[in-house]
Amino acid sequence: MTLSIETRTLQVPVVRDGQAVGTLTLRPDDTAFLERFYALGQKLAARRGALGQAGTGAGGAPEQALAELARLCLGVRADIDEAFGPGTSSLVFGEEGCSPSALEQFFTGVAEVLKAERQALLGSYLDE
């Protein structure tokens, strides 16, 4: 007897600054993965809140605001690697830093891919 289990994965090409840099693997059927991904939104909101509080307490010092933004990016990169696997943030953003715009593109892009895939998976179960 053989037990054969197929896990669905999506291979999404990653293009950074016009250059193909690799492939991001998403698992739309894996509820643990989905929970980790959607929890990233809550973590990001908490980090933004902390950034806002630190920015107002910095007395308008641009150096302090930039340092806080750098900490936010490092924290989000670590969160992404925890949710998607080691090295994901380097694949997506490069070896150093990231920008709020790049973070938005990443989260929006992944959410759109997962939403479309989940709708396709659940379509036969939903009344339309």
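## An aromatic cluster

Phe33, Phe37, Tyr38, Phe84, Phe93, Phe106 and Phe107 are joined into a cluster by ring pairs. The model is a predicted one. The count of aromatic pairs comes to 7.

Take Phe33 and Phe84. Their rings form an edge-to-face pair.

## Where the pair sits

This pair links distant parts of the chain. Phe33 belongs to helix H1, residues 31-57. Phe84 belongs to helix H2, residues 62-84.

Are the two partners buried or exposed? Phe33 has a relative accessibility of 3%, so Phe33 counts as buried. Phe84 has a relative accessible area of 12% and is buried too. The cut-off for buried is under 20%.

## The largest pocket

The largest pocket holds about 370 Å³ of space. It is lined by 17 residues. Val14, Val15, Val92, Gln105 and Phe106 are the closest to its centre. Phe106 is also one of the residues in the aromatic cluster.

Which elements give two or more residues to the lining? They are strand S1 (10-16), helix H3 (88-93) and helix H4 (100-122). H4 gives the most, with 6 residues.

By class, the lining of this pocket has 12 nonpolar residues. Another 3 are polar and 2 are charged.

Notes
Residues numbered from 1 in each chain as written. Predicted model: local features only at pLDDT ≥ 70, side-chain atom pairs only at ≥ 80, totals over all residues. Heavy atoms only, no water. Phe/Tyr/Trp six-rings, centres within 6.5 Å; stacked < 30°, edge-to-face > 60°. Helix = DSSP H or I, 4+ residues; strand = E, 2+ residues; numbered from the N terminus. Buried < 20%, exposed > 50% of the residue type's maximum accessible area, 1.4 Å probe, protein only. 1 Å grid on protein atoms, 1.4 Å probe; cavity = no way out; pocket = protein on both sides within 12 Å on 5 of 7 lines; lining within 4 Å. Points joined across faces, edges and corners; volume = space filled by probe spheres on them. Nonpolar A, V, L, I, M, F, W, Y, C, P; charged D, E, K, R; others polar.
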